[in-house]
Amino acid sequence: MRTLAARRPRQSRVGAETSAVAGGVILVTRFAIGAVLNYAFGVGLAWLLVPARFGVVSAVQNVLLLAAGLLTAGLPWALAIRVAQTHGDNEAAKPEFRTALIANLALGLLLGVAFMATQLVGQRLVPTSSDLLDLLVAAEMPMLAVNATLGGAAQGSRRFAGLGTMQGGEILLKCVAAAVLVAGLHTGPDGVALSFFLGTAGSVLIGLRTCRGLLPGRGPLASFSFLADSGSIWFASASMTFLITADLLGLSVAGTAAGVTAAVLAGYQACSLLARASFYVSDALADAVFPFIAHSESLRDKHRWFMTAARWVPLLIIPVQVALFAAPGPVLRSFLPHHYSTPAAQVLLQVLAAGTLGALMTDMLTKSLFATGYGRQVGRRMPITVVTEVAGLIILVPRYGALGAAYSYLLASLAGVILLVPLYRKALQVRLPSLRQLAAYTIGFAPTAAVFAVAGQAPTPVAWVLIAAGTFLFLIPARRMRLITDADISFLAGLRGRRRGRPRPADRTRPDDRTYPDDRTHLEVPTYPNDHTRPDDPTYPDLRMYPEVLTRPAVPTRPAARTRWPARLAARRADLGLAVFCACVAGVALLYNIFTSPDVLYDEAAYTYAAQQVALGWHLTLDNQPLFVHPPLMFLLQAAWLSLTGHASSALPAAIRAARLLAASVGVADVLLITALAYRLAGGASPRQRRVLAGAVAVVAALDPVLTR
């Protein structure tokens, strides 16, 4: 006899809750995929549209970005905080959900009407005469309002899979629609506006499925205090949105006196795409930890969740922005059409990259203070950044054009950091990094910055090799400064083991064992008083949930084979530091000023010319005479280098500059070989004496006039 039972409803994947780590991975992955699609979208439009029409598209995109920021600014964040605080009780937050949905939709309708009125009276935010484009932009604003509210509910309920699907689906639908409408049907900016609308509509449909169980029906509205709190948050978030969008809009409005055209707007937008990519990475990380900050009770826990996201700034984001600042030329030549790779665009990218660092720190501080309950204090401070940027646009754009708009963005970003850092210190009761920590980071990052600076003067293929080398060079000081933690190393080691498919070492635990963390073979139980737990540490497992752990016999530690590599790395740490020091000394001494030095020796010109003859016709000659001054190996190597960099048939001054990079790099290798020889010969000295002696030899060899001439 069969027993019939009601089947439990299956929760969709987009409606499932995730942890902060999984949420961060989902949102950052969504950003990575979205960045590739958005980059392909922007570059594709730059190729398909003439600069004037691409400038119209840039204005449309920034108007919609500004509208989305205003609609996301207040009520969705207040709703996310409320949903996070009442986590687990879906009914408790429905009055706030209902209020946010109605109020935000009304605001979206108001913005759409205001945009149409502005376009009709002649003061156009979008320089176009197409009524269809204006209607599409205005109609999308109420859609953005609903989408923002659904996104706030998904974020507060930790449904990051659904939130990532909403955002990723919007980008994918937009790109597909634009490919059909612009590339296939040649509809121009009107087709781009329609693709924006279709992408937002698809995101709303996904959001309705994501928020299943949270969606409110008819019922009471929230109290007035909810609207008051959301108003303070709105002022702060709207100021943040204004900070990252007003520079281009202000450039289009206030740049008439400076001769700003649609082509200039297109160039500014293209540089912004590259400079602000890191902002959206940090934004995704801050979104992932936001509900956990709001749900935490102690200030210590809130700060720990904030640092979970903020630690990626010195580890990843600062190196990326410094690479953009130090080597803007190779980046522009690699990612944008050639007519955007001008000296003016390089300076513009440098200023925008510096401003983005301030903007992303302002954004992370703003969101963490929202979740901590300091929305009103932030709301009173952030409008100062708006005043700063508006004043900069009014004063600088008529005089300096696009560069003035970039400097206005930089000043407003720095103002946000200056205003919010003291508030965060007071709210969370934490200390700023000490001068010693800042000095250690500066010293550790200096070699990477020097390599990036050399890459900025090198040909594009060589520049990317140097940028990659500088990035890997930073891994050693990052590990020493604990920016790369033991948990990161353990995670990578686990991935390495799973990739190789090796069985785990002797594991004596039961298959159904639920110990935490997952690597049960080396779980150590602390001997804290009373209940053996540490309730104030959110990262440590609550062993009261697993009483069998406290009574289980000791488990053997890792086998020696698994600890051999970390032990060997610890033993070689000082030698690695010596190698980095010697490489940095040699690199700075030999690579500094090699491209801008006005002095050209006769040997340098003669040997470069001879190498060009080898590259072009395999003739080792000078003035039609065989050249037997030196063995031919260096001439062959230099000829291959000139062919690789495209200077085999270039003018002699340009070829000399390219050849200098090879010669200086060989000089660096010479210094390192001399240092290694001295280190080997000093085997009878103590390790400290050997390192001091090797470092002194490196300095002396690097400053040898014969090598540095």
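Author: A residue is called buried when its relative accessible area is under 20%, exposed when it is over 50%, and partly exposed in between (1.4 Å probe, protein chains only). The model is a predicted one, in which local features need pLDDT of at least 70, side-chain atom pairs count only at pLDDT 80 or more, and totals for chains, interfaces and linings use all residues. Residues are numbered from 1 along each chain as its sequence is written, and side-chain values use heavy atoms, with hydrogens and water left out.

Let us begin with the charged pairs. Side chains of opposite charge can pair when their charged atoms come close. The structure holds 8 salt bridges, each being a side-chain nitrogen of Lys or Arg within 4 Å of a carboxyl oxygen of Asp or Glu. One of them joins Lys-94 to Glu-91, with the closest N and O atoms 3.2 Å apart. The two partners may be considered in turn: Glu-91 is exposed, because its relative accessible area is 53%, while Lys-94 counts as buried because its relative accessibility is 15%.

Another salt bridge pairs Lys-367 with Asp-283, and here the closest N and O atoms are 2.2 Å apart. This pair links distant parts of the chain, since Lys-367 belongs to helix 14 (residues 343-372) and Asp-283 to helix 10 (residues 277-295), 84 residues apart. Helices in this account are DSSP runs of H or I with at least four residues, strands are runs of E with at least two, and both are numbered from the N terminus. Both Lys-367 and Asp-283 are buried.

Lys-367 also forms a salt bridge with Asp-363, the closest N and O atoms being 3.7 Å apart. Asp-363 and Lys-367 both belong to helix 14 and are 4 residues apart, about one turn of the helix. Asp-363 is buried, as is Lys-367.

A charge sits over a ring if NZ of Lys or CZ of Arg is within 6 Å of the ring centre and within 35 degrees of the ring normal. The charged end of Arg-276 is placed over the ring of Tyr-409, 4.3 Å from its centre.

A pair of aromatic rings is described by the distance of the centres and the angle of the planes. Rings of Phe, Tyr and Trp (its six-membered ring) pair if their centres lie within 6.5 Å; planes under 30 degrees apart count as stacked, over 60 as edge-to-face and the rest as tilted. The structure holds 10 aromatic pairs. Among them are Phe-279 and Tyr-280, whose ring centres are 5.3 Å apart and whose planes stand at 90°, so this pair is edge-to-face. Phe-279 counts as buried, because its relative accessibility is 5%, whereas Tyr-280 is partly exposed at 32%.

The pair of Phe-445 and Phe-474 is also edge-to-face, because the centres are 5.2 Å apart and the planes are at 90°. Phe-445 lies in helix 18 (residues 435-457) and Phe-474 in the loop between helix 19 (460-473) and helix 20 (475-480), so the pair ties together parts that are 29 residues apart in sequence. Phe-445 is buried at 7% relative accessibility, and Phe-474 is buried at 3%. Elsewhere, Trp-77, Phe-290 and Phe-370 form one aromatic cluster.

As for the cysteines, a disulfide is a pair of cysteine sulfur atoms within 2.5 Å, and the count is 0 disulfides. Cys-584 is in no disulfide, and the nearest cysteine sulfur, that of Cys-582, is 9.2 Å away. Cys-584 counts as buried at 18% relative accessibility, and Cys-211 counts as buried at 0%.

Finally, the surface. Leu-172, Val-176, Val-180 and Leu-185 make a nonpolar surface patch of about 360 Å². Patches are made of residues with over 30% relative accessible area and no salt bridge, with like charges joined within 9 Å and nonpolar side chains (Val, Leu, Ile, Met, Phe, Trp, Tyr) within 5 Å. Accessible areas come from the Shrake-Rupley method with a 1.4 Å probe, and for residues only the protein chains shown count as cover. Val-180 lies in helix 6 (residues 160-184) and counts as partly exposed, because its relative accessibility is 48%.
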